[in-house]
Amino acid sequence: MDTQSLSHSRYNCTYHIVFIPKYRRKVMFGDLRKEVGEVISKICKMEEVKIIKVATLPDHVHMYVSIPPKASVAKVVGRIKGKSSLMLFDRHPEYRDRYNRHFWARGYYCETVGNVNEETITKYIKEQYERDRLEGEPSK
């Protein structure tokens, strides 16, 4: 994936995020499954989160997203889960009472996704240090 930019930075911050409905209920079948996907994409657009891939399964949601570095992953996930549950309860009031005003479980899983490992970074830093040291020496 290409890097993205803000006014003073370039970034490639991608994450794999997974979260589940409360008590891992298999509530997301049929039309509700489609609505959950629509609601999540609408909220991501509001939060300036770029969706690379999203999958709404019967008992959990997988998201592969790019989040700007100015935003905390925890806050973004909290907003997605909080706003989506409110929007879903507005569309389907019967779920509000059935699930005691809690659609999503409290936790989530998150991992960074990238094509650079620790070895590559340390090698790059070492090469930059060597190049800077060589450029800093006076010419003979």
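**Strands, helices and salt bridges**

User: In β6, what is the bridge partner of Tyr15?
Analyst: Strands and helices here are DSSP runs (E, at least two residues, for strands; H or I, at least four, for helices), numbered from the N terminus. Two strands pair if DSSP finds at least two bridges between them. β3 and β6 run antiparallel and are joined by 5 bridges. Within β6, Tyr15 has as its bridge partner Thr112.

User: For side-chain atom pairs, which pLDDT counts in this predicted model?
Analyst: Residues are numbered from 1 along each chain as its sequence is written, and side-chain values use heavy atoms, with hydrogens and water left out.

User: What is the order of the strands in the open sheet, and what does the twist average?
Analyst: The sheet is open, has 4 strands with antiparallel pairing, and goes β4-β5-β3-β6. β4 (50-57) and β6 (109-113) each have a single partner strand, so one side of each has no neighbour in the sheet. Angles like this one run from 0 to 180 degrees between N-to-C directions, with axes being lines fitted to C-alpha atoms, for helices over the stretch in contact. From one strand to the next, the twist averages 15°.

User: Which strands does helix α2 touch?
Analyst: Contact here means heavy atoms within 4.5 Å. Helix α1 (residues 30-46) lies across β3, β4 and β5, running at about 160° to β4. Helix α2 (residues 73-91) also packs on the sheet, its direction making about 45° with that of β3, and the strands that α2 touches are β3, β5 and β6.

User: How many of the residues of β3 are buried?
Analyst: Buried means under 20% relative accessible area, exposed means over 50%, and partly exposed is in between (1.4 Å probe, protein chains only). Thr14, which lies in β3 (residues 14-19), counts as buried because its relative accessibility is 4%. β3 is mostly covered, and its buried residues come to 5 of 6.

User: How far is the backbone oxygen of Val113 from a polar atom of the side chain of Thr14?
Analyst: A polar contact is a pair of N or O atoms within 3.5 Å; within protein, one must be able to donate a hydrogen and the other to accept it, and residues adjacent in sequence count only if both atoms are side-chain atoms. Between a polar atom of the Thr14 side chain and the backbone oxygen of Val113, the distance is 2.6 Å.

User: Where do Asp59 and Lys26 lie, and how many residues apart are they in sequence?
Analyst: A salt bridge is a side-chain nitrogen of Lys or Arg within 4 Å of a carboxyl oxygen of Asp or Glu. The whole structure has 6 of them, and one joins the side chains of Asp59 and Lys26 (3.4 Å, N to O). Asp59 is in the loop between β4 and β5 and Lys26 in the loop between β3 and α1, so the pair ties together parts whose separation in sequence is 33 residues.

User: How far from Cys110 is the nearest cysteine sulfur?
Analyst: A disulfide is a pair of cysteine sulfur atoms within 2.5 Å, and a search of the whole structure finds 0 of them. Cys44 is in no disulfide, the nearest cysteine sulfur being that of Cys110 at 13 Å. Cys110 is in no disulfide either, and its nearest cysteine sulfur, that of Cys13, lies at a distance of 11 Å.

Conventions:
This is a predicted model: local features need pLDDT of at least 70, side-chain atom pairs count only at pLDDT 80 or more; totals for chains, interfaces and linings use all residues.
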